[in-house]
Each structure stands twice: as C-alpha cells, then as structure tokens.
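Work through the following exercises with the structure open beside you, and try each task before you read its solution.

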Amino acid sequence: MEKACEAFLKGRTVQDGAHDLGHVKRVVALARRIGEAEGADLSVVVPAAWLHDCVSVPKDSPDRAFASRLAADEAVVFLKGLGVSGDTLAAVHHAIHAHSFSLGKSPETLEARVVQDADRLDAIGALGIARCFLTGGAMESAMFHPEDPFGRQRALDDRAYAVDHFFVKLLTLKETLHTGAARKEAGRRHAFMQSFLEELERELKG
C-alpha cells in the first residue's frame, strides 16, 4: 500500500517545497514511530500520514481551512480502490480531516492524534524554520518587518512577514501536542527555534 500511496502522490502537484514528498515521508516516519510508542493502529496511521496533504490548497487561499477535508475525501476514494474496508476508511478520513492547524478540529481517536502530532513536529525545529521561509517565499512575503521584526509593537501578519509565523503558529505548536512521544521530541525542536530567533535578533542589532 505504501508504494501505491507514494506513486499516487508523485502524480499530483504540490504547492511549494515545504509541502513536497519529502515532507510527507518525514511525517510518515514520525507517525510510525509515535504510533508504535503509543500503541496506535498503524493500519490507520500510516495511510493517513501518507495522504494527509494529497490535496494542495495554497496557504494564502480563502479555501485553506477546507484543505484537510478535501484531502480526507480524496484519500478515501483512493483507498477504496485499493480494497480498504469501511471502518478503516472512516478512521483514516477522520485522522486526515482532523490534522489541520487552520481548521482547528480536535482529533477524537489515538490514530488521529498521532497523525496530527507527526505533522506538527515537522513544522518546528530546524526543518520547521526551513519550511517557514520556503512557504514565505512562495507567498512572496518579506522575511520580517523592517522596523519591528518581532512584532512587539504592532499586529502580527504572517502573510506579510515570515518571522511573524513563528509567533502566530510555530512557537504555539509544542503545547498542542497530544502524545508523550511527540511532546518529548517537541521540547528540543522548540528550544532550537527560540535559539534561532535570539541569534536573529543579535544579528539584526549588529
């Protein structure tokens, strides 16, 4: 099944380098590791991780909040074609639908929590920093506000400034994780992002 999922994804267009097949493979690896540690059903976790971004909606699109539902629907159609059964299909659909940060939907199963945690882990740490600026470039946003880079005296706008995305989203993700395995890894990645921002501030001050 995994080879079929990979082949399916290779035939689809990704919105930017931050949401490419490399991202999917990292999420699959994280989800498998977390799922094994937490005793989740990998027959749900693994296909949901593979297909969680199978429908691409740009970050700055007004339809962004619907992306995970569209991906869940598309995944079910694809998995039906592979002979996956009803209960597993429903569980995969929920895991994909619930993973989205912008949707704000709470995962109701262990498997959905594992997939959400895996996707959020790939959004933080060194990889998260790289993905943040890749996405910012795709959206044609500036790296940071020229007068107030860290948004201390203005409203944050992460569509205009990539560094704002740390404060709007990335630095909040550690506290949203559900599983012990994910929280342990998140602590180290979160600390690295804080160190990056501290160094960025030192360099900007000259």
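**Exercise 1. The two domains**

Task: State which residues the domain assignment gives to domain 1 and to domain 2, and describe how the two domains meet.

Solution: In this predicted model, the domain assignment of the chain places residues 1-104 in domain 1 and residues 124-205 in domain 2. As a next step, take the centres of domain 1 and domain 2 over their C-alpha atoms, which lie 24 Å apart. Then turn to the contact itself, where 14 residues of domain 1 touch 15 residues of domain 2. The size of an interface is often given as the accessible area lost when the parts come together. For domain 1 and domain 2 this buried area is about 1200 Å², and 63% of it is on carbon and sulfur atoms.

**Exercise 2. Helices H3 and H5**

Task: Determine how helix H3 is oriented relative to helix H5, and list the residues through which they meet.

Solution: Two packed helices are described by the angle between their axes and the distance between the axes. For H3 (residues 42-51) and H5 (residues 86-98), the axes come within 9 Å and cross at roughly 50 degrees. With that angle, H3 is oblique to H5, because an angle counts as roughly parallel under 35 degrees and as roughly perpendicular from 65 to 115. The crossing of H3 and H5 is right-handed. On the H3 side the contact consists of Ser43, Val44, Pro47, Ala48 and Leu51, which meet Thr88, Ala91, Val92, Ala95 and Ile96 in H5. Sorted by class, this contact of H3 with H5 holds eight nonpolar and two polar residues, with no charged residues.

**Exercise 3. Helices H2 and H6**

Task: Carry out the analysis for H2 and H6, giving the angle at which their axes cross and the classes of the residues in contact.

Solution: The axes of H2 (residues 21-38) and H6 (residues 110-121) come within 8 Å and cross at roughly 135 degrees. H2 and H6 are therefore oblique to each other, and their crossing is right-handed. H2 contributes His23, Val27, Leu30, Ala31, Ile34, Gly35 and Glu38 to the contact, while H6 contributes Leu110, Val114, Asp117, Ala118, Asp119 and Leu121. By class, the contact of H2 with H6 has eight nonpolar, two polar and three charged residues.

**Exercise 4. Histidine 165**

Task: Locate histidine 165 and name the residues it touches, leaving out those up to four places away in sequence.

Solution: Histidine 165 lies in helix H8 (residues 164-168). Leaving out those sequence neighbours, histidine 165 touches Cys132, Asp158 and Leu170. Finally, compare histidine 165 with alanine 123, which is 42 residues away along the chain, and note that 11 Å separate their C-alpha atoms.

Technical notes. Residues numbered from 1 in each chain as written. Predicted model: local features only at pLDDT ≥ 70, side-chain atom pairs only at ≥ 80, totals over all residues. Heavy atoms only, no water. Axes fitted to C-alpha atoms, helices over the stretch in contact; angles between N-to-C directions. Helix = DSSP H or I, 4+ residues; strand = E, 2+ residues; numbered from the N terminus. Parallel < 35°, antiparallel > 145°, perpendicular 65-115°, else oblique. Left-handed = near helix turned anticlockwise from the far one by under 90°. Contact = heavy atoms within 4.5 Å. Nonpolar A, V, L, I, M, F, W, Y, C, P; charged D, E, K, R; others polar. Domains from an automatic or database assignment. Buried area = accessible area lost by both parts, 1.4 Å probe.
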